[in-house]
Amino acid sequence: MEIEVLVVPDCPNEQPAVEQLRQALDDTGLRETVFTTRVITDQAEAERSGFTGSPTILIDGRDPFAEPGHAPGLACRVYQTPDGLAGLPALEELRQALRTGSRS
């Protein structure tokens, strides 16, 4: 499984996203899985990557939290979670995305 965290420069949610992803990987038995972080610096790169805001987590090149109609762009991302809007996906939703990705 290839996992990538995409962020804009100086994203305030980069570190929390990395920590949450590591926890979700550990929780789902994927402790050995490594991931990379890539900084998206321009609109063209955002469009090529399908980047709809920072942070975006890609699992095997797919954004499991993609919402139809959101255009690529250099901005902070807001996630719909069971507790309301947040700068990160809910931990349980991230675990589920990893479980689904690990079976693909």
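The following dialogue goes through the terms applied to this predicted model and the values behind them.

Student: What makes up the secondary structure of the chain, and which pattern does the chain follow?

Tutor: There are three helices and five strands. Along the sequence they follow the pattern β-α-β-α-β-β-β-α.

Student: How do you know that the radius of gyration agrees with that of a compact globule?

Tutor: For 104 residues the rule for a compact globule gives a radius near 13 Å, and the chain has 13 Å, so the value agrees. Along the principal axes, the C-alpha trace spans about 35 × 30 × 25 Å.

Student: How many of the residues count as buried, and what does the chain expose?

Tutor: Of the 104 residues, 41% count as buried. The chain exposes about 5,700 Å², and carbon and sulfur atoms supply 49% of that area.

Student: What do the contacts in the chain join?

Tutor: Take the contacts between residues at least 6 apart in sequence: 62% of them join residues at least 24 apart.

Student: Why are Phe65 and Tyr79 called buried?

Tutor: Buried means under 20% relative accessible area. Phe65 has 13%, so Phe65 is buried. Tyr79 has 3%, so Tyr79 is buried as well.

Student: What makes Thr33 count as buried, and where is its place?

Tutor: The place of Thr33 is in the loop between α1 (14–27) and β2 (35–39). Its relative accessibility is 15%, which is under the 20% cut-off, so Thr33 counts as buried. Leaving aside residues up to four places away in sequence, Thr33 touches Met1, Ile3, Arg22 and Leu25.

Student: How many positive and negative side chains does the chain have, and how far apart are the centres of the two sets?

Tutor: The chain has 9 positive and 17 negative side chains. The centres of the two sets lie 6 Å apart.

Notes:
Residues numbered from 1 in each chain as written. Predicted model: local features only at pLDDT ≥ 70, side-chain atom pairs only at ≥ 80, totals over all residues. Heavy atoms only, no water. Helix = DSSP H or I, 4+ residues; strand = E, 2+ residues; numbered from the N terminus. Rg over C-alpha atoms; globule rule 2.2 N^0.38 Å. Buried < 20%, exposed > 50% of the residue type's maximum accessible area, 1.4 Å probe, protein only. Contact = heavy atoms within 4.5 Å. Areas by Shrake-Rupley, 256 points an atom, 1.4 Å probe, with all protein chains shown as cover. Lys, Arg positive; Asp, Glu negative; His and termini not counted. Charge placed at Lys NZ, Arg CZ, Asp CG, Glu CD.
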